[in-house]
Amino acid sequence: MHIPDGYLSPSTCATLYAGAIAGWYAALKQVRQVLLSRVVPMISVFAAFAFVVMMFNLPLPGGTTGHAIGVTISAIVLGPSGAILAISIALAIQALFFGDGGITTLGANCFNMAIVGSLVAYGSYRLISAGAGISSKRRIVAAAIAGYLAANASAFVAAIEFGVQPLWFHDAAGTPLYAPYPFHVALPAMMIGHLTFAGLAEALISAGLVAYLQVADPRLLQSTSGMAMSTEERAGAYLAASSPRRLWLGVALLMLLTPLGVLAIGKAWSEWSPAEFAAAGSRAQVAAAATMPTATSPAGMQRLTTLWTAPFPAYAPTFVRSATFGYLLSAMFGVGFLLALSLLAQRYLERRRTTRYFP
Amino acid sequence: MKRSGFIASTTVGFTRALSHALMSEEIARQRGLLQALDARVRVIGLFALVVAVTLSRRLAVVLALFVGAAILAVLSKVSLGTLAKRVWLVVLAFTGVIALPAMFVTPGDPIATFAGGLHITTQGLMTAALLIARVETAVTFTTVLILCTPWAHVLKALHSFRLPREVTTMLAMTHRYVFLLVETASQMFESRHSRTVGRLPRAEQRRMVARSAGVLLSKSIDLGNDVYLAMQARGFRGEVRILSDFSMKPRDYAGLLAFLCAGTLAIWMGR
């Protein structure tokens, strides 16, 4: 999954560097809130550990071998910020010292494996292991699933990056200038290997390591367990959780920025409606983006569009005339709906945990 | 009797990493063109050339840059045999496998037709050649930089580019830990290899790898704690000071100018 130089266009590399820098900045800011002299050696040894674990050949069912990334165990022990930094440092050393992975694509590799991988691993581990005791078998299963999902999510993002190259970057004769395969080839090519082997390697190593830590050093699983810690344990948990107030401010800012969507020119790729196939202007856009006949809308699309009618079609309730206000209202509704669901899930899990500890 | 191949192949991987580091230090100590330049010039210059390689849209320009990379390697005492064995053949095998089907599946003007309706298109041939040439050239530039620059100098150069000090510290510490852990893991695998008679069942092989990773994790964390205590004992409070004794000489400015001119020319000709 280490993308070498030359596979991605410079603009893709620049965009992914920007995404990675945002992730590094946020992670570094959070890490700086705690004792740096404690965090720096710990992240460094985890980076070195991830580097070495990537060299372990793990025998897999089917007679082949695979290797893990080490992102899941880093996210479980260090939390997402520590894992983002640790895996990024490991990838940087691989690129700058061993020439494994490109320099121009370092941002892309860090974005895919360190940022997307860490967030997916941490989120899924916390969700599945919510309420489970430190020595619970559920934590092992959670680590396995988190590892599998993290490796596949990273591969999926990389496949998207490969898939857009021939669509966006080709010369006048149609010669792809970078990775040559479109989505329908890049996606299965990347995902088959990861769904079967690479994801399994990360799952097995993560589960094995969590099972080992449950016996050898359970305190390391404490900081991201979501369970109450004593003052001493809290002091030992070197990566503090981020302030919820900042999270709320971030969500509010994103909601306020949603009307930017109405400034976009043209239609997002593959989000065409049957009506847009009928209009000549839209049809030209579709034809420029796809290699399919566009004289009429596809019959399957016509049939499926009647199955479900959205309450807010085109991101605006029917009674709202202003597109900007409609976008804002849709964002508020969407975010509110998701927050309500999340609060309900949290309350349910807390109640279950209280019942388990104090029946 | 067949031995556990995965243990041997993992150990070979560790040995290769260690030998790469030794070779890098050896080449970096020699007197060559790149070694004579300031580390910041080397990092900026070769990064500019890698960017030029990715921006160039013409095969001829990318191939010219490849020749330039090979000349730079020779002038910097990096043998072409080493490059061919460690870089060119490896990249050709990896990227070649990826690029080969593109010759057949890329839509365009057919230039050769085979049985079963398969045909090679001009566009397919060009995209495969461009991908292989671009990856070979970029990896050659990167490898030449890595082999001719000691890691401490790369870190100092990165530090002078205003990279946060915590990051350069983590890069430096990780680099040290990597070799320590590679050596530890290598010894663990070698001792296991020497004790293994016959072939382990695959489930046992997996358990063995997971347990080895667990032991290595414990050792890593103990090491992290020891280093933290050692740093505290020496009065470390999170402030990192890096001795920066770089000074630009006229030849460094000339080198920087040459790199930037070559990069700009390649981008202009390859647009």
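Which helix of chain A has the lowest confidence, and which the highest?

## Model and confidence

This is a predicted model, in which local features need pLDDT of at least 70, side-chain atom pairs count only at pLDDT 80 or more, and totals for chains, interfaces and linings use all residues. Residues are numbered from 1 along each chain as its sequence is written, while chains are lettered from A and ligands numbered from 1 in the order in which they are written.

In chain A, helix 7 (residues 231-236) has the lowest confidence, with a mean of 45, and helix 4 (residues 106-129) the highest, at 92. The scale is pLDDT, the predictor's confidence in each residue, from 0 to 100. Helices are DSSP runs of H or I with at least four residues, numbered from the N terminus. Chain A has a mean pLDDT of 74, and 59% of its residues reach 70 or more.

Residues 230-244 of chain A stay under 50 in pLDDT, and the model gives them 24 contacts beyond four places in sequence. Two residues are in contact if their C-beta atoms, placed from the backbone, lie within 7 Å.

## Contact between the chains

Chain B contributes 68 residues to the contact and chain A contributes 55 residues. On the side of chain B that touches chain A, helix 8 of chain B gives the most, with 19 residues.

## Domains of chain B

Chain B comprises domain 1 (31-149 + 246-269) and domain 2 (165-233), with bounds from an automatic or database domain assignment. The centres of these two domains of chain B, taken over C-alpha atoms, are separated by 35 Å.

Notes:
Helix = DSSP H or I, 4+ residues; strand = E, 2+ residues; numbered from the N terminus.
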